[in-house]
Amino acid sequence: MFELTPDSNGGWKETVLHAFLGGEDGASPQAAVVFDQFGNLYGTTQGGAEGFGTVFKLTTVSGAWRESLLYVFMDGVDGGYPVGTLIVDTASNLYGTAAKGGSICNLYGCGVVFKLSLTSNGKWKQTVLHSFTGGKDGAVPEAGLAMDAAGNLYGTTFYGGIANACPSEGDAGCGVVFKLSPTSSGWRGAILHTFTGGADGAAPEATVTLDAAGNLYGTATAGGLNSCSTFYVGCGVVFELIHRAGAGWRERILHTFSDRMDGGAPLTGSGLILDSAGNLYGTSLGGFRSAGCPYGCGVAFELSPSATP
C-alpha cells in the first residue's frame, strides 16, 4: 500500500503505508482502496492468512499507518478470492464481492456478494447477501459494486447467464449485470442484462458506474467485433444500461473496440470514470501495437457524448 504526494519540485514522492508479508496480514492486493468518512482505508487481498483472501483496514496511529484484518475468507459459503474494490456506506458498513466460494456450482464455487458490519463488541461480522449459482443469476463476480441513494447494489459477473450461448466462454455463459435490493426479509436480486457474446459484449470484469439519473455505464472485456483474436473472441465494448420506468432496462453500445488505435479488451477494474459533462474515461489491455509491443500495449481512452440519442 503506497501514497504518492506532490513535492515542491513538480515531482512526486512515494511513501509505503504497508508492505504485505504474505502471511496473516494478507497478500496480493489487486483492487483499489477506499476511504471512510474518518480517513481510514479499506481494501482486499487475494491471498494471505488462510490463502483465500482477506479484507483489511489501515488506520493512522501517532502519524503511522497500522493494518488490521477485518475478515479472512475460507472459500466456503462465505466466499473466497475477493478481487473487486469495496464500497463503504454512511454507517461504515463494507460491501464487496468474492469471485469464488459460495454455492457449489459447475465452476467449483460461483462467488458471493457480502457485507461486513462492525458489531457492538468491536468485531466485524460478515453477511452473505447473495450466493451465485452459475445459472441465470451469473457466476464469478470479479468487479466491485456500485450503490445508489436507496441502498441498492449493482454489479457484474464474468460468467453465468445463458449457458451454451457465448462463443468465447462455452457453456459457462457470458456474464450478467445484476441488482440487489434490500427488503424487510433480505435482499432481492434482479438481472438487468444478460450478455450473449455478440454485439452486446461478453465477460464483464469492471465495476459499473452510476449517473445522476440512475443509468449504468460499464465495459465488457470480450464480445463486440469478432475480428479480435489477440486475447478473446471479440475486442470488447463500452455499454450503457438505460432505465425507463415501467419498461425495464435497455442496453446501448457506446463503443465497440477494434484492437487497433482505439484499444481492445477493456479491463478498467474499478469502473469507468464519469465527469460532470458526461464524458467517460477508462483503459484497455490491448490496442496500439508497436515494434516493441506487437500484441498491443493498451490505451487510456475518453468517450464523449454525441448529439445522437
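## A first look at the strands and a few telling residues

Gly-155 has Phe-178 in β13 as its bridge partner. Welcome to a predicted model, in which local features need a pLDDT of at least 70 and side-chain atom pairs count only at pLDDT 80 or more, while totals for chains, interfaces and linings use all residues. Residues are numbered from 1 along each chain as its sequence is written, and side-chain values use heavy atoms, with hydrogens and water left out.

**Confidence**

- The protein has an average pLDDT of 90, where pLDDT is the predictor's confidence in each residue, from 0 to 100.
- A score of at least 70 is reached by 95% of the residues.
- Confidence is highest in strand β8 (residues 94–98), with a mean of 98, and lowest in strand β19 (residues 264–266), with a mean of 90.
- Where pLDDT is low, the predicted coordinates should not be read in detail.

**The sheet β11-β12-β13-β14**

- Four strands make up this open sheet, in the order β11-β12-β13-β14, with antiparallel pairing; two strands pair if DSSP finds at least two bridges between them.
- β11 (146–147) and β14 (186–194) each have a single partner strand, so one side of each of these edge strands lacks a neighbour in the sheet.
- Strand β12 (residues 153–157) pairs with β13 over five bridges, in the antiparallel sense.
- On its way to β14, strand β13 (residues 176–183) is joined by eight bridges, and these two strands run antiparallel.
- Two residues link β13 to β14 in a hairpin.
- Along this pair, Thr-183 stands opposite Gly-186 of β14, and Leu-180 stands opposite Gly-189 of β14.
- β13 is largely enclosed by the rest of the structure, because six of its eight residues are buried (buried means under 20% relative accessible area, exposed over 50%, and partly exposed in between, with a 1.4 Å probe and protein chains only).
- In a regular strand the side chains alternate between the two faces of the sheet.

**The sheet β7-β8-β9-β10**

- Another open sheet has four strands in the order β7-β8-β9-β10, again with antiparallel pairing.
- Its edge strands are β7 (87–88) and β10 (124–131), each of which pairs on one side only.
- Seven bridges connect strand β9 (residues 112–118) with β10, and the two run antiparallel.
- Within that pairing, Phe-114 stands opposite Val-128 in β10.

- Strands β17 (residues 237–244) and β18 (residues 248–256) run antiparallel and are joined by eight bridges.
- Val-237 has Thr-256 in β18 as its bridge partner.
- Three residues lie between the two strands of this hairpin, and Gly-246 in the turn has a positive phi of about 80°.
- Arg-244 belongs to β17 and is partly exposed, with a relative accessible area of 45%.
- The C-alpha atom of Arg-244 is separated by 32 Å from that of Ala-31, and the two residues are 213 residues apart along the chain.

- Thr-45 sits in strand β4 (residues 41–45) and counts as buried, at 0% relative accessibility.
- Its side chain makes a polar contact of 2.6 Å with the side chain of Thr-54 (a polar contact is a pair of N or O atoms within 3.5 Å; within protein, one must be able to donate a hydrogen and the other to accept it, and residues adjacent in sequence count only if both atoms are side-chain atoms).
- The side chain of Thr-45 also reaches the backbone oxygen of Gly-47, at 2.9 Å.
- Beyond neighbours within four places in sequence, the contacts of Thr-45 include Phe-20, Ser-28, Phe-56 and Pro-82, where contact means heavy atoms within 4.5 Å.
- Ser-28, from the loop between β2 (12–16) and β3 (34–35), has a positive phi of about 60° although it is not a glycine.
- Ser-28 is partly exposed, with a relative accessible area of 44%.

- Ala-203, in the loop between β14 and β15 (209–210), has a positive phi of about 55° although it is not a glycine.
- Ala-203 counts as buried, at 0% relative accessibility.
- Asp-137 lies in the loop between β10 and β11, and its side chain makes a polar contact of 2.6 Å with that of Thr-133.
- Not counting residues up to four places away in sequence, Asp-137 touches residues including His-130, Thr-157 and Ile-191.
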